[in-house]
Amino acid sequence: MTKKRVFVVDDHPVVRQGLVRMLQCESDLECAGEADTVEDALRGLTASPPDLAVVDLMLKESNGMDLIRQIRQQWPTMPVLVMSMHSDSFYVERVLRMGVKGYLCKEEASDQILFAVRRVLGGEIYLSDSMSTRLIGKLVVDQRRPSLSSIERLTDREMEIFQMIGRGQVTRIIADKLGLSVKTVETHRANIKGKLNIRTTTELLQRAVQWMQYARTDSSESVAVT
């Protein structure tokens, strides 16, 4: 039997190492590598492309959405399974639109993690029952209420820049990291301010920092994979 190779990207060492050990105990799966940053992940994926990438949404100095976007560009056929503490349908919808094949919450039992991995490797899409129910419920509500919350109005690129602002990165740094012009980043910043009803640069920074603090608090409560 040829083992399916899975690459693990997560910046929580206990979670990452637990998943690696779990994969190594399976007769049909093996770990193809591990990383805790976007840069290390891209190097590992380039050196030896796996059959599946398991990606967390919150990574050191960056975010999993940026990595997912680059994976979709460089390896269009490589399936991606997101494993995150975020159970909000806000994140699920965004990554599914990006081409992710599965979304798993970290508090799921270990047998569900392996089930999700095998299901995505088999060419199917995986969402837990609770996640599917929550997503369907939101779609029903959205049909009745066409208006979206402020954050949900942000495009994927705007959300990425908003998060980078929340990490204290200035326009020039954001432009360099994303391969954009300063003018383009400034345009995105203006669009973000308009959608969030923000008037000043200081208020934009405060709102972005608050958002990242919320995201990090949620992520820090992760349950170790055993």
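I take two strands to pair if DSSP finds at least two bridges between them. Helices (H or I, at least four residues) and strands (E, at least two) are DSSP runs, numbered from the N terminus.

**Entry 1. Source.** I record that this is a predicted model, in which local features need pLDDT of at least 70 and side-chain atom pairs count only at pLDDT 80 or more, while totals for chains, interfaces and linings use all residues. Residues are numbered from 1 along each chain as its sequence is written, and side-chain values use heavy atoms, with hydrogens and water left out.

**Entry 2. The sheet.** I looked up the strand order and found an open sheet of six strands, β2-β1-β3-β6-β7-β8, with parallel pairing. At its edges stand β2 (29–35) and β8 (126–127), each of which pairs on one side only.

**Entry 3. β1, α1 and β2.** Strands β1 and β2 run parallel and are joined by six bridges. I noted that Phe7 has Gly33 as its bridge partner in β2. Together, β1, α1 and β2 make a right-handed β-α-β unit; right-handed here means that, with the strands pointing away from the viewer, the path from the first strand over the helix to the second runs clockwise. Helix α1 (residues 13–24) lies across β1 (4–9), β2, β3 (52–55) and β6, and runs at about 160 degrees to β2. For such values, axes are lines fitted to C-alpha atoms, for helices over the stretch in contact, and angles run from 0 to 180 degrees between N-to-C directions.

**Entry 4. Strand β7.** I then followed β7 to its neighbours. Four bridges join β6 (residues 80–84) to β7 (residues 102–105), and these two strands run parallel. Leu81 has Gly102 as its bridge partner in β7, and Val82 has Tyr103. Towards β8, pairing is again in the parallel sense, over two bridges, and the partner of Gly102 there is Tyr126. Which residues of β7 are buried on each side? Gly102 and Leu104 are buried on one side and Tyr103 and Cys105 on the other, so that both faces are covered (buried means under 20% relative accessible area, exposed over 50%, partly exposed in between, with a 1.4 Å probe and protein chains only). In a regular strand the side chains alternate between the two faces of the sheet.

**Entry 5. α7 against α9.** Helix α7 (residues 156–166) packs on α9 at an angle of about 95 degrees, with the axes 10 Å apart. The two helices are therefore roughly perpendicular to each other (65 to 115 degrees; under 35 counts as roughly parallel, over 145 as roughly antiparallel and the rest as oblique). The contact (heavy atoms within 4.5 Å) is made by Arg157, Glu158, Ile161, Phe162 and Ile165 of α7 and by His188, Arg189, Asn191, Ile192 and Lys195 of α9.

**Entry 6. Ile192.** Ile192 is buried, with a relative accessible area of 0%. Not counting residues up to four places away in sequence, Ile192 touches Leu154, Glu158, Ile161, Phe162 and Leu204. Its C-alpha atom is separated by 8.9 Å from that of Arg153, 39 residues apart along the chain.

**Entry 7. Asn197.** Lastly, I looked at the loop between α9 and α10 (201–220), where Asn197 is found. Asn197 is exposed, with a relative accessible area of 65%. Although not a glycine, Asn197 has a positive phi of about 60 degrees.
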